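Please keep the sequence and the model in view while reading.

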Amino acid sequence: MTAAHIPVLLNEAVRALAPRPGGAYVDGTFGAGGYAAAILDAADCRVTAIDRDPDAIERGRALRDRYRGRLTLIEGRFGDMERLVRAVTDAPVDGVALDIGVSSPQLDTPERGFSFRHDGPLDMRMGRCGPTAADVVNRAAEADLSKIIFTLGEERAARRIARAIVRARRTEPVERTLQLAEIVRAVVPRPAGGIDPATRTFQALRLYVNGELEELDRGLRGAERLLRPGGRLAVVCFHSLEDRRVKRFLRDRSVEAPRGSRHRPDPAGRRLPTFRPLHRRAIAPSAGELAANPRARSSRLRAAERTDNPAWPDNAAGIPAGGAA
C-alpha cells in the first residue's frame, strides 16, 4: 500500500465479511490493497483482487508476494467479476468487498487528472482506454454537458457551468485540471466553509468517463451470482448516487423487503429474496476515523448476507435505470 492511502471503514467492512480459514473472497476494487490485506490478515483464506487500473495491479505485486499464493491479482472491471473470478477458480465465494470510487493513489497523482487541487492533464480514466474527461468537455454539446453535470454531479448550477465551459473552449481547448476548475469557480461562488465549487463537476465527469454507476449495477449483480449461501457482501460508497443504488438493490432483494399480496401483486413476479441485511442502516465512520482521515467523511458501508435463493435475472427490477454512459 502507498503511505498516503488509508482504507475507509476497514474494520467495519472486515467485520461484516467475517473472513474464515479456507474461505475464498473477492476484493472487486483492489486499489492500494487495503481491504485485500485486511481480509488476508484476518484469516488463512484466499483473495481474488480485481482492478481496472494497471498501475494498481503493478503496485499490488509486492503484496501478492507477501501472501505467498493466497492473493490473485486480475486486471479488469469489477462489473465482470463473475467471469473474471470463474476464470481462475471454481471455489464457492464467501465474501465480496467493494470500495466504490476513486482511490487515493489515483487522486493524489496529478498525471491521472482526477483532482482539481493539482494541475495535470484532464484525463480521469481509471483504466487506460476510451475517451478522457478532456474529450468529453471539448466535444460534448452544451445540453449534454449540462445533463452530465446535473445528473451525475447533482450540481444545481449545471447549466451555468456548461455554458461557461463551451464559452471557454471556443478560445482554447480545456485540457488541464486547474483550467477546468477555474472555469467552474468563476461562475459558481464558494460558500463560506463549503466544498470547492469544482467538486461536483469533477465527480460528474469521472463517473461519466468511467461508466461507474453502470459498473456498480453490474458488480452488484455479479456478487449476487458469485456468493454462496451465507456469503457476505460489503460495499463502501462515498457519494449519495452510488449509495442510493446499493441501498435500493439490497432493499429490493432483501428478506425484509415488502412482499406482494393478493390485493397488490409483487411487481417483480414474487421473486425470492437473495440477501439478508446485516445492519438496519448504513454504517458511517467513527469520530476517530474522521479525525485521522477527513476523506472518510461521506463514506457509508452497507452489508448483507446471501440467502440460498437463486439470483435474479439481469432484467429484474431492483436497480434504477440511467446513470453513466
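Does Phe202 count as buried or exposed, and at what relative accessibility? In this predicted model, Phe202 has a relative accessibility of 3% and therefore counts as buried, since the cut-off for that class is under 20%.

Because nine of the 12 residues of H11 are buried, the helix is largely enclosed by the rest of the structure.

The length of H11, which runs over residues 199-210, can be checked against its residue count: at 1.5 Å a residue its 12 residues should span 16 Å, and the C-alpha atoms at its ends are 17 Å apart, which agrees. After the helix comes Gly211, which has a positive phi, near 55°.

## Aromatic pairs

The structure holds two aromatic pairs. In one of them, Phe116 and Phe202 have ring centres 5.4 Å apart and ring planes at 80°, so the pair is edge-to-face, the cut-off for that class being over 60 degrees. Phe116 belongs to the loop between helix H6 (104-107) and H7, whereas Phe202 belongs to helix H11, so the pair ties together parts that are 86 residues apart in sequence. Like Phe202, which is buried at 3%, Phe116 is buried, with a relative accessible area of 10%.

## Salt bridges between separate elements

The count of salt bridges comes to 32. One of them joins the side chains of Asp94 and Arg20, with an N to O distance of 3.1 Å; this pair links distant parts of the chain, 74 residues apart, as Asp94 is in strand E4 (residues 93-99) and Arg20 in the loop between helix H1 (10-17) and strand E1 (24-27). Asp94 has a relative accessibility of 3% and so counts as buried, while Arg20, at 36%, counts as partly exposed.

A further salt bridge is formed by the side chains of Glu82 and Arg225, at 2.6 Å from N to O. Since Glu82 lies in helix H5 (residues 81-86) and Arg225 in helix H12, the pair ties together parts that are 143 residues apart in sequence. Glu82 is partly exposed, with a relative accessible area of 28%, and Arg225 counts as partly exposed at 32% relative accessibility.

The side chains of Asp217 and Arg245 also meet in a salt bridge, at 2.9 Å from N to O. Here Asp217 lies in helix H12 and Arg245 in helix H13, so the pair ties together parts that are 28 residues apart in sequence; Asp217 and Arg245 are both buried. Elsewhere, a network of salt bridges links Arg77, Asp80, Arg83, Glu215 and Arg218.

## Arginines over aromatic rings

Two arginines are placed over aromatic rings. The charged end of Arg271 sits over the ring of Trp312, at 6.0 Å from its centre, and Arg306 lies over the face of Phe275, at 5.9 Å from the ring centre.

How values were computed: Residues are numbered from 1 along each chain as its sequence is written. This is a predicted model: local features need pLDDT of at least 70, side-chain atom pairs count only at pLDDT 80 or more; totals for chains, interfaces and linings use all residues. Side-chain values use heavy atoms; hydrogens and water are left out. Helices (H or I, at least four residues) and strands (E, at least two) are DSSP runs, numbered from the N terminus. The expected span of a helix is 1.5 Å times one less than its number of residues. Buried means under 20% relative accessible area, exposed over 50%, partly exposed in between (1.4 Å probe, protein chains only). A salt bridge is a side-chain nitrogen of Lys or Arg within 4 Å of a carboxyl oxygen of Asp or Glu. Rings of Phe, Tyr and Trp (its six-membered ring) pair if their centres lie within 6.5 Å; planes under 30 degrees apart count as stacked, over 60 as edge-to-face and the rest as tilted. A charge sits over a ring if NZ of Lys or CZ of Arg is within 6 Å of the ring centre and within 35 degrees of the ring normal.
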